Amino acid sequence: MIQRRSIIGPRRRSAMRATVAAFAVTALALAACAPGEDSDGGEEAAPSDIETNVADMGDITLTVWDQQVRGGQAESIEALNAAFEEEYPNVTIDRVSRSFEDLQRVLRLAIQDDEAPDVVQANNNRSQMGAFVEAGLLRSLDGYADVYGWKDRYPESILAHSSYSDDGAVFGEGNLYGLPQTGELIGVWYNKAKLQQLGIEPPQSLADFEAALQAAKDAGELPIQFGNKDPWPGIHTFGFIQNMFADREEIRAFGYGNPGGDWTDEANTQAADELQSWVDAGYFTSGFNGIDYDPSWQDFANGEGVFLISGSWLLADLRDAMGDNVGFMLPPVGETGELTVTGATGLPFAVPTEGDNADAAAAYIDFITSPEAMQTLTEAGELPVVETDQQQVSGTQAEVFEAWGTAGSEGALVPYLDWGTPDAYTVISTGVQAFMGGDESTEELLGTFEEDYSSFVSENSGG
Amino acid sequence: MGRAPCRVRTYHENVVSPQAPRVTDVTEATPVARTPASRARPSRQGPPGEPRRVAYLYILPAFVFFAGFMAWPLLHGFWLTFYEWNGLTLGTWVGLDNYHAVLTDPELREPFGHSLILVIFFSVIPIVLGLTLAGLMMRARLRGMPFFRTVLFLPQVIAMVVVAIAWGHIYEPDGPLNDLLRTLGLDDLTQVWLGDPSWALVSVGIVGTWVGTGLCLILFLAGLSKVPRELYESARLDGAGAVREFLNVGLPALRGELAVAATLTMIAALRTFDLVYVMTPGGGPSGSTSVPSYEVYKRAFIDGEVGTAVTVAIVLTAIILLVTIGINRFAERGDEVRL
């Protein structure tokens, strides 16, 4: 090594040493304070303080973040935004819309910012809304619910999906943190022409459904269209089969992250085995782990596949592509003997604590969930969460509304499986992907689910 | 020379004599420099650019940028690695637990293993291919060389996200690649490229090779063109064949370019994020394509484990630093040997 004569004089060297020392001291001092902030719960507006007259609020820009990117959803929200701006010319709506996946990823950071949006669509699950409530980043909407009468129009069970206790520990009761516009449920879309060709009626029981799948396979058709590259659709497919084996209460325990469930019990093992047998029999699209969700339902719309197990949110797009050829039916009744349907609401609209115009935000939420708004949603091909029986519908939309009505009246709705724990989304989506790809056994799959679920439950209740 | 006495007089105030050794110590020069007359003229003691402190003003703009966007986040991140924090509520001190986890938890070690495999695809193979192609192209008298050079370099110019989307489409089960295999009658070779745990990482790697080969090729072509023709001719006179010529004349001359190519491609391999995130979302089938940068993103923004995420990032930074130092040492040693 070549000897280098230091070009830094002695005075400069000691100055540098002093700076480094200062740095070190600062670093040690910072070690004493931890990152993040302690929350003291979300603020709640008392009914008497709430301003409902938007016209009197002066010139406001309302920033709204939504994930209504699909056909019918986009149409309806744009119509509602235009109507709101027309009624209140002093308000300008700055709408930012992203896909479901993208919104999930950016929301965390955005609502902590001082300039958080005024209204956001936040996923009800524990890793999003639950975590935000725990950190005090969402306003409680109880005061607004009283003033605007939301509790009269929305049934308790629907509001429960967006309710958390103050500290985010209990899901399903407590304060209201969001209000949804739409309902949604996972059912079976089917190609009417193909089903007719096969000479089958829409199957009502598990046995009939399996027979239909085999008949389709034998006739050279693709039984179930499926794309799981971004692995969240697998959560719904697994849930669909699980609903036919496990009882509603257990699934609710999983979905809300409450005690009382066991992933490794007989019913869930049977469900996982059933899914495996369907994969082995070749009922799903070949190479499904390499196909994304959107291309898969688009392929279904283009006539590839007899059945598509997905949500009612595809109504507008499928109706546009397939017209009356597409049908929607409730999941078949399985071993449990009762109808169980995964479904809840669309993403609720919430008000971040760091947003500026809380009262205007609440008035906006009231506007987009009003009876008139429910009509706009219906016309755009959506499933409104309340007052479905008051809408004029026909064709496939009527089938979706009927399914929703039946599920509601029979109390058959159970929450999504990824709501239950903060890690559930990652654990279940990647687990099902590996399982369906043949990389994990039933025991391994259910083992990881049970570990995540039970460790969360014990931490949450005991800890 | 009438003017000489004047000059001698002026110099006399600042310099002892023209033959005297130059004064390099500032402290000795100060008494003379303090006289007003000499202050008006540039000091002749020491190198030009006195006073030294002016230098700091020159580097200040760049330093502010560096401090704000690189040094501060790095230090802040380093501080975060000692905490367990979900990004929302108060964090808790955990000392070196995060580092321990990164070194021992198989879930956290696996992504680093995947990066090593990607290094082979992003770096080793493109360099070998680049050398081969450069050696071949130097000998050939092709018309339209600029056209070929442009086309081969094009993958470097396209944004990585666009590359990922295009290749994602190519790799689809019913996409162009499988179609090609079927047309050639190689049905058995068709795979679910991005959905099969055994093939996903290799598929990502192949895209990296496609992107990196052009860069290496251009670098080596430029390096080889600097080698004087006489060296090749003298090697030929000594009886060297084409391969020997390349190995003994071309290759040693490329040491600098090799270092650059190795540094750029290895860093690209270790840092890769957009390719993996767009082509194989969710960390790939059975987590087979998760890489450190994806782990950082997933743990920080989806799982809410910011402490672990930043620890992975810091460890990755350290690895990249060591790799770069290693490559530069290799290049420097080459210089010393030649001298």
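These legends describe close-up views of a predicted model.

**View 1. Chain A as a whole.**
Chain A holds 19 helices and twelve strands. Its C-alpha trace spans about 95 × 70 × 45 Å along the principal axes. Of its 463 residues, 50% count as buried. Among contacts in chain A with a separation of 6 or more, 79% come from residues 24 or more positions apart.

**View 2. Helix α2 of chain A and its packing partners.**
Helix α2(A) covers residues 71–87, which is 17 residues. From first C-alpha to last it reaches 25 Å, close to the 24 Å expected at 1.5 Å a residue. The buried residues in α2(A) are G71(A), G72(A), Q73(A), S76(A), I77(A), L80(A) and N81(A). They pack against two strands of chain A, β1 (60–66) and β2 (91–97). They also pack against helices α14 (315–322), α15 (358–368) and α16 (371–379) of chain A.

**View 3. Helix α12 against helix α19 in chain A.**
Helix α12(A) spans residues 266–280, and helix α19(A) spans residues 442–461. Their axes lie 10 Å apart, and the helices pack at an angle of about 130°. From α12(A), the contact uses N268(A), T269(A), A272(A), D273(A) and Q276(A). These meet T442(A), L445(A) and L446(A) of α19(A). By class, the residues of this contact are three nonpolar, four polar and one charged.

**View 4. Helix α18 against helix α19 in chain A.**
Helix α18(A) runs over residues 424–436. Its axis comes within 10 Å of the α19(A) axis, and the two cross at roughly 175°. Angles over 145 degrees count as roughly antiparallel, and therefore α18(A) is roughly antiparallel to α19(A). On the α18(A) side are A424(A), V427(A), I428(A), G431(A) and F435(A). On the α19(A) side are L445(A), T448(A), F449(A) and D452(A). This contact has six nonpolar, two polar and one charged residues. L445(A) takes part here, and L445(A) also meets α12(A).

**View 5. The side of chain B that touches chain A.**
Here 31 residues of chain B are in contact with 32 residues of chain A. On the chain B side, the elements giving two or more residues are α4 (54–80), β2 (92–93) and α15 (292–302). The chain B residues on this side divide into 18 nonpolar, eleven polar and two charged.

Notes. Residues are numbered from 1 along each chain as its sequence is written. Chains are lettered from A and ligands numbered from 1 in the order in which they are written. This is a predicted model: local features need pLDDT of at least 70, side-chain atom pairs count only at pLDDT 80 or more; totals for chains, interfaces and linings use all residues. Helices (H or I, at least four residues) and strands (E, at least two) are DSSP runs, numbered from the N terminus. A residue is buried if 20 or more other C-beta atoms lie within 10 Å of its own, exposed if 12 or fewer, and partly exposed in between; C-beta atoms are placed from the backbone. Two residues are in contact if their C-beta atoms, placed from the backbone, lie within 7 Å. Axes are lines fitted to C-alpha atoms, for helices over the stretch in contact, and angles run from 0 to 180 degrees between N-to-C directions. Ala, Val, Leu, Ile, Met, Phe, Trp, Tyr, Cys and Pro count as nonpolar, Asp, Glu, Lys and Arg as charged, and the others, Gly among them, as polar. The expected span of a helix is 1.5 Å times one less than its number of residues. Angles under 35 degrees count as roughly parallel, over 145 as roughly antiparallel, 65 to 115 as roughly perpendicular and the rest as oblique.
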